[in-house]
Amino acid sequence: MKLTESQIQDLYAFTRQHFVEHYDLQTELVDHLANDIEMMWKSEPKLSFEEAKNKAFKKFGIFGFMDAIEQKQKAMNKRYRSYLWYEIKKWFEMPQIVATIALYVFFYITFSSKFTAIFSLIFYIIISGWCIYKSTQLNRQFRKRKEISNKKWMLEELIFKQAGAASLIFMSQLYNVFTIPDKFEINTLFLLLFSLAFTVLTLINYISLEVIPNKAEKLLNETYPEFSL
Amino acid sequence: MSNSKLYKGSLTTIILKLLNEHDKMYGYEITQKVKELTKGELKITEGALYPALHKLEAEGLLDVEVAKVDNRLRKYYKLTETGTKETVNKLEELADYIKTMQALVNPKLA
């Protein structure tokens, strides 16, 4: 006996009740539960759908789907980081490296003036302001996407929401950035490293909030063969 | 994962070995295959299988394919090129382990 379409939908709802928020993992677990239920029906055809479903779920152990969720999240974070790393590396190859060097030289020259503290604060505010603006925009986009498709994908959430979280960490360092020039003696080595830190921060924020979200469809299709099904 | 903790460390090797012999497999199929091959002696639990599969996928050892079967979507796993190479290493590791244990437990046979 095979499961009906409405029973499959019931299984999707069941995984959601058990804290599986993302469609990618839900789909895999639904197929597993469905296979198990169909197998049980072969030997016990009188078993009700509800009973069979609960029996199948019990096999996941006392933590239910929790381990699967946790491991999937870890795996997806790893995938996201590898996309980020791939894009960062590109900025150190031709032709983007020209822009990277120009940015670095720009930071170095401005920080070399006697207004290091003021410049660092101004750049910091510009970068953070842009990050907040982009994060809000991406969050809105994510909500809209979810409304249209009624599905939430793990990688999609990372692309549209994780980037925002990273910039919040960046924001929380405001005080430290402002006091750095007071704490350290401003010499060439300090300026070289300070400019490097700003260059890297600008690049990471630009890539995670602009480059990767623009490539979202391509990355999602690459990660999930079922994305366009 | 199973009736014995001793099997736990070999879960990834078991998965890789099965995928090496079959072109592609889905989660439930893996649990059933192991049960069949070991005549019910070893049961891979669902709570251990999916975390292991997702970890292998993240490490780039497995690739996924999705197909519509009956009225639902099915996710198949298959070995990547790195995965095939890693299977050889893992199997060698396991053989060494068995040999070492043999020497300890049953010196006459080793």
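**The sheet and the contact between the chains**

Reply: In this predicted model, strand 1 of chain B and strand 3 (residues 72-79) of chain B run antiparallel and are joined by 2 bridges. Across this pairing, the residue that Y26(B) faces in strand 3 of chain B is Y76(B).

Me: Which are the edge strands of the open sheet in chain B?

Reply: The open sheet has 3 strands with antiparallel pairing, and their order is 1-3-2. An edge strand pairs on one side only, and in chain B this holds for strand 1 (25-26) and strand 2 (62-69).

Me: Which helix of chain A gives the most to the side that touches chain B?

Reply: The contact involves 25 residues of chain A and 22 residues of chain B. On the chain A side, the elements that give two or more residues are helix 1 (5-17), helix 2 (23-43) and helix 4 (66-90). One of these also lies across strand 1 and strand 3 of chain B, running at about 100 degrees to strand 3. With 8 residues, the helix that gives the most is helix 2 of chain A.

Me: Why do the buried residues of helix 3 of chain A line one face of the helix?

Reply: In helix 3 (residues 49-58) of chain A, the buried residues are A52(A), K53(A) and A56(A), and what covers them includes helix 1 and helix 2 of chain A. The face turned away from this buried side carries the exposed residues E50(A), N54(A) and K58(A). The buried residues line one face because, seen down the axis of helix 3 of chain A, they fall within an arc of 100 degrees.

Methods: Residues are numbered from 1 along each chain as its sequence is written. Chains are lettered from A and ligands numbered from 1 in the order in which they are written. This is a predicted model: local features need pLDDT of at least 70, side-chain atom pairs count only at pLDDT 80 or more; totals for chains, interfaces and linings use all residues. Two residues are in contact if their C-beta atoms, placed from the backbone, lie within 7 Å. Helices (H or I, at least four residues) and strands (E, at least two) are DSSP runs, numbered from the N terminus. A residue is buried if 20 or more other C-beta atoms lie within 10 Å of its own, exposed if 12 or fewer, and partly exposed in between; C-beta atoms are placed from the backbone. The arc is that of the directions from the helix axis to the C-beta atoms. Two strands pair if DSSP finds at least two bridges between them. Axes are lines fitted to C-alpha atoms, for helices over the stretch in contact, and angles run from 0 to 180 degrees between N-to-C directions.
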